[in-house]
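Hello,

Here is the structure I promised to pass on. Please have it open while you read my notes.

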Amino acid sequence: MSRVEPRVREQQVETGFCRARAPPAPQHRGSLRGHLPVPDPARVTSLLGQKRRSHLLKLPNRRRERAPSALPVDGCPADCVPLLQAAVKHLLPEIKPQDASKLCVVIDLDETLVHSSFKPVNNADFIIPVEIDGIMHQVYVLKRPHVDEFLQRMGELFECVLFTASLAKYADPVADLLDKWGAFRARLFRESCVFHRGNYVKDLSRLGRDLRRIIIVDNSPASYIFHPDNAVPVASWFDNMADTELLDLLPFFERLSKVEDVYAVLKKQRTNS
Ligand SMILES: [Mg+2]
């Protein structure tokens, strides 16, 4: 397939988040947004945490009609819609004794650890069958370079949680194959996000952990728009096999794992970058 410069592709992804002002996002070649071998692309693209308005239309009526001011979510803006409406106090279970002293790191999946596509690629690390509207489709998954070293070490240093806006029927089997070390103590999918102004937002205040001890690693700033001070941004990854982002981050996380409060360190990091 023809190559698109990484910088351009990142702009395409970011354009997708600027739903109100930006023109419709160009389809990324080879992504799950493009090359859809089914008659209803909107249903297929909804596998991933994309930001199309069509997703809002697909919310059940009871969610769309709920008065935002009545939403029982602490710290959530008035116009957000938590997708998981069950009376669950926290998204995460009690911390395990062996993780009690560790910071919690929330790690994104798509374009942070892997890139997936419906378009067949001959170097896919995994091929995940996913059923959509009664038809089985193959999702081709590429692992970001150094993701194995990254996950293994992160799982030793932190209480890691996979948090993705993608659907569990795709992301859960990917995580099964990707996480050979049990780094992810928990997995959170789209229904654990908050739908806010066209984006699936990961509301860290719902996790049930001290916010001063939570870090989110994500390629999408929209995902952590409620808690930008907890973020370690990463560049979006698609297919650059020379990428060293995850490897380069490890020394920083080694240092970060020893602090009591992440805010001062992350603020300093933002200032220096
Ligand atoms: Mg992502």
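Residues are numbered from 1 along each chain as its sequence is written.

**Confidence**

The chain has a mean pLDDT (the predictor's confidence in each residue, from 0 to 100) of 78, and 68% of its residues reach 70 or more. Residues 1-45 have a pLDDT below 50, and beyond near neighbours in sequence this stretch makes 65 contacts in the model. Here two residues are in contact if their C-beta atoms, placed from the backbone, lie within 7 Å. Residues 50-75 also have a pLDDT below 50, with 30 such contacts. Where pLDDT is low, the predicted coordinates should not be read in detail.

**The five-stranded sheet**

Helices (H or I, at least four residues) and strands (E, at least two) are DSSP runs, numbered from the N terminus. Two strands pair if DSSP finds at least two bridges between them. On that basis, five strands make an open sheet with parallel pairing, in the order β7-β6-β2-β10-β11. Its edge strands, β7 (184-188) and β11 (231-233), each pair on one side only. From one strand to the next, the twist averages 20°. Axes are lines fitted to C-alpha atoms, for helices over the stretch in contact, and angles run from 0 to 180 degrees between N-to-C directions.

Within this sheet, β2 (residues 104-107) pairs with β6 (residues 159-163) in the parallel sense over four bridges. If you want a place to look, Val106 stands opposite Val161 in β6.

**The three-stranded sheet**

There is also an open sheet of three strands, β3-β5-β4, with antiparallel pairing. Because β3 (114-117) and β4 stand at the edges with a single partner strand each, one side of each is left without a neighbour in the sheet. The twist here averages 30° from one strand to the next.

- β4 (residues 126-132) and β5 (residues 135-143) run antiparallel and are joined by seven bridges.
- Along this pairing, Ile128 stands opposite Val139 in β5, Pro129 has Gln138 as its bridge partner, and Glu131 stands opposite Met136.
- The hairpin of β4 and β5 has two residues between the strands, and Asp133 takes a positive phi near 50° there.
- β3 pairs with β5 in the antiparallel sense over four bridges, and the bridge partner of Val114 in β5 is Lys143.

Helix α6 (residues 168-178) lies across β3, β4 and β5, running at about 160° to β4.

**A pair of helices**

How do α5 (residues 147-157) and α7 (residues 245-256) pack? Their angle is about 15°, with the axes 9 Å apart. That makes α5 roughly parallel to α7 (angles under 35 degrees count as roughly parallel, over 145 as roughly antiparallel, 65 to 115 as roughly perpendicular and the rest as oblique).

In α5, Val147, Glu149, Phe150, Arg153, Met154 and Leu157 meet Leu246, Leu247, Leu250, Phe253 and Glu254 in α7. The residues of this contact divide into eight nonpolar, no polar and three charged. Ala, Val, Leu, Ile, Met, Phe, Trp, Tyr, Cys and Pro count as nonpolar, Asp, Glu, Lys and Arg as charged, and the others, Gly among them, as polar.

Definitions and conventions. This is a predicted model: local features need pLDDT of at least 70, side-chain atom pairs count only at pLDDT 80 or more; totals for chains, interfaces and linings use all residues.
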